[in-house]
Amino acid sequence: MAPTDDEQSAGHRVVCHLDRLLAERRMTLTELADRAGVTVVNLSVLKNDRARAVRFSTLTAICDVLHCQPGDLFSVYPTEPPAPGPQTPPP
């Protein structure tokens, strides 16, 4: 999910891939919440890219249950979209 204009203007370019990781592991949000000891509401906020912060203890618990690294869970969108196609240096 791409960041919204509001998120970009606030400097928020982090996107969460929790939905993809859960689907790959055939796990529900409720099951993850039970195993990680995190509320479904907090996980839903993460999953829907509405979180502004994540506690390291929460991140650690999620990664432990999903057997992943923080980089598998989050991506940061670049500030500018990449230029299309190959670029040639100026003469």
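Predicted model: local features only at pLDDT ≥ 70, side-chain atom pairs only at ≥ 80, totals over all residues.
1. Packing of H3. Helix H3 itself covers residues 29-36, and its buried residues are Leu29, Leu32, Ala33 and Ala36. Viewed down the axis of H3, these buried residues fall within an arc of 100 degrees, so they line one face of the helix. Asp34 and Arg35, on the other side of H3, are exposed. An α-helix has 3.6 residues a turn, so residues three or four places apart point the same way.

2. The end of H3. Glycine 37 follows H3. The phi of glycine 37 is positive, near 70 degrees.

3. The largest nonpolar core. This core holds 21 residues, of which Leu18, Leu22, Leu32, Leu43, Ile62, Leu66 and Leu73 touch the most other members. H2, H3, H4 and H5 are the elements that give two or more residues to the core. The greatest contribution comes from H5, with six residues. In soluble globular proteins, nonpolar side chains tend to be buried together.

4. Isoleucine 62. Leaving aside residues up to four places away in sequence, isoleucine 62 touches Leu18, Leu32, Ala36, Leu43, Leu46 and Leu73.

5. Most residues other than glycine have a negative phi. Arginine 26 has a positive phi, near 50 degrees, and lies in the loop between H2 and H3. Aspartate 49 also has a positive phi, near 55 degrees, and is placed in the loop between H4 and H5. Are these two residues buried or exposed? Arginine 26 is exposed, with a relative accessible area of 81%, whereas aspartate 49 is buried, with a relative accessible area of 8%.

6. The cysteines. How many disulfides does the structure hold? The structure holds zero disulfides. Cysteine 63 is in no disulfide, and the nearest cysteine sulfur to its own, that of cysteine 68, is 3.9 Å away. A disulfide would require the two sulfur atoms to be within 2.5 Å. Cysteine 63 counts as buried, at 8% relative accessibility. Cysteine 68 is likewise buried, with a relative accessible area of 7%.

7. The largest pocket. About 160 Å³ of space lies in this pocket. The residues that line the pocket are His12, Val14, Val15, Cys16, Leu46, Asp49, Arg50, Ala51, Arg52, Ala53, Val54 and Phe74. Strand S1 (residues 14-16) gives the most to the lining, with three residues. The list also includes Asp49, the buried aspartate of point 5, and Leu46, one of the residues touched by isoleucine 62.

8. Histidine 17. This residue is found in the loop between S1 and H2. Histidine 17 is buried, with a relative accessible area of 19%; the cut-off for buried is under 20%. Which residues does histidine 17 touch, not counting those up to four places away in sequence? They are Asp72, Leu73, Phe74 and Ser75. Of these, Leu73 is also named among the core residues that touch the most other members, and Phe74 is one of the residues lining the largest pocket.

How values were computed. Residues numbered from 1 in each chain as written. Heavy atoms only, no water. Buried < 20%, exposed > 50% of the residue type's maximum accessible area, 1.4 Å probe, protein only. Helix = DSSP H or I, 4+ residues; strand = E, 2+ residues; numbered from the N terminus. Arc of directions from axis to C-beta. Core = buried A, V, L, I, M, F, W, Y, C linked by side-chain atoms within 4.5 Å. Contact = heavy atoms within 4.5 Å. 1 Å grid on protein atoms, 1.4 Å probe; cavity = no way out; pocket = protein on both sides within 12 Å on 5 of 7 lines; lining within 4 Å. Points joined across faces, edges and corners; volume = space filled by probe spheres on them.
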